[in-house]
Every structure is written in structure tokens, then in C-alpha cells.
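Let's walk through this structure together, from the overall layout down to a few individual residues. Have the sequence and the 3D view side by side as you read.

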Amino acid sequence: MPAFVSLLGQKVSVTVLFDSGTEGGGKVEAAIKANKIAGKRVFFVGSVLEQKHSDIENLLTVGDYLGLYNQAFGG
């Protein structure tokens, strides 16, 4: 995300949901501390699920995931 902010500028108004506990998370947190990214617009999956290491797919149930997978690949 810091690369996108560098390219697009800070005037872009988006809210972002990030995986938690990944190597990119530290860069995002550093950018927030440096006021390059508005921290109030950044959420980590881990804070939603109260788990340190969480990915966006952890927000889906197995049934939801399989439904999306089958829909995407015609299964």
C-alpha cells in the first residue's frame, strides 16, 4: 500500500483491509506512524478476528469459500 500512496498521492480517499501478521503489515504500520497513510482508514483482519495472523480468506466460512471457488472455476 505505501507504494500506491506514493504513486497516487495522499488525497486518495479509500479504506483498506489488510492481512495481519504478514511482512507487508510492518511497512503499513510504519507508513501510518510517519503520517503517510491515515491510520483511521486502515484495518487489519487480525483486529477483526482477534488473531495475530489472519488473512482475508479467514473472514469467509468454508461454505462461502467453496461456493466462490466453484463459481470461479465452474465446479
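What follows starts with the whole chain and then visits single residues.

This is a predicted model, in which local features need pLDDT of at least 70, side-chain atom pairs count only at pLDDT 80 or more, and totals for chains, interfaces and linings use all residues. Residues are numbered from 1 along each chain as its sequence is written, and side-chain values use heavy atoms, with hydrogens and water left out.

How far does the predictor trust its own model? The average pLDDT (the predictor's confidence in each residue, from 0 to 100) is 81 for the protein, and 79% of the residues score at least 70. Helix α1 (residues 2-8) has the lowest confidence, with a mean of 65, while α4 has the highest, at 93.

Now trace the chain. You will find four helices and two strands, arranged α-β-α-β-α-α from the N terminus on. Here helices (H or I, at least four residues) and strands (E, at least two) are DSSP runs, numbered from the N terminus. Of the 75 residues in the protein, 17% are buried; buried means under 20% relative accessible area, exposed over 50%, and partly exposed in between (1.4 Å probe, protein chains only). The accessible surface comes to about 5,800 Å², and carbon and sulfur atoms account for 57% of it. Accessible areas come from the Shrake-Rupley method with a 1.4 Å probe, and for residues only the protein chains shown count as cover. Contact means heavy atoms within 4.5 Å; among contacts between residues at least 6 apart in sequence, 67% join residues at least 24 apart.

Ser20 counts as buried because its relative accessible area is 7%. A polar atom of the Ser20 side chain lies 2.5 Å from the backbone nitrogen of Gly46. Leaving aside neighbours within four places in sequence, the contacts of Ser20 include Phe44, Gly46, His53 and Ser54.

Ser54 sits in the loop between α3 (45-49) and α4, and with a relative accessible area of 1% it is buried. Its side chain makes a polar contact with the side chain of Gln51, at 3.1 Å. A polar contact is a pair of N or O atoms within 3.5 Å; within protein, one must be able to donate a hydrogen and the other to accept it, and residues adjacent in sequence count only if both atoms are side-chain atoms. Beyond its neighbours within four places in sequence, Ser54 is in contact with Asp19, Ser20, Val45, Gly46 and Leu49.

Glu50 lies in the loop between α3 and α4. Is Glu50 buried or exposed? Glu50 is exposed, since its relative accessible area is 74%. Glu50 also has a positive phi of about 60°, although it is not a glycine.

Finally, turn to helix α2, where Ile32 lies. Ile32 is partly exposed, with a relative accessible area of 23%. Ile37, Gly39 and Val42 are in contact with Ile32, leaving aside its neighbours within four places in sequence. Ile32 and Val42 are 10 residues apart in sequence, and their C-alpha atoms are 8.7 Å apart in space.
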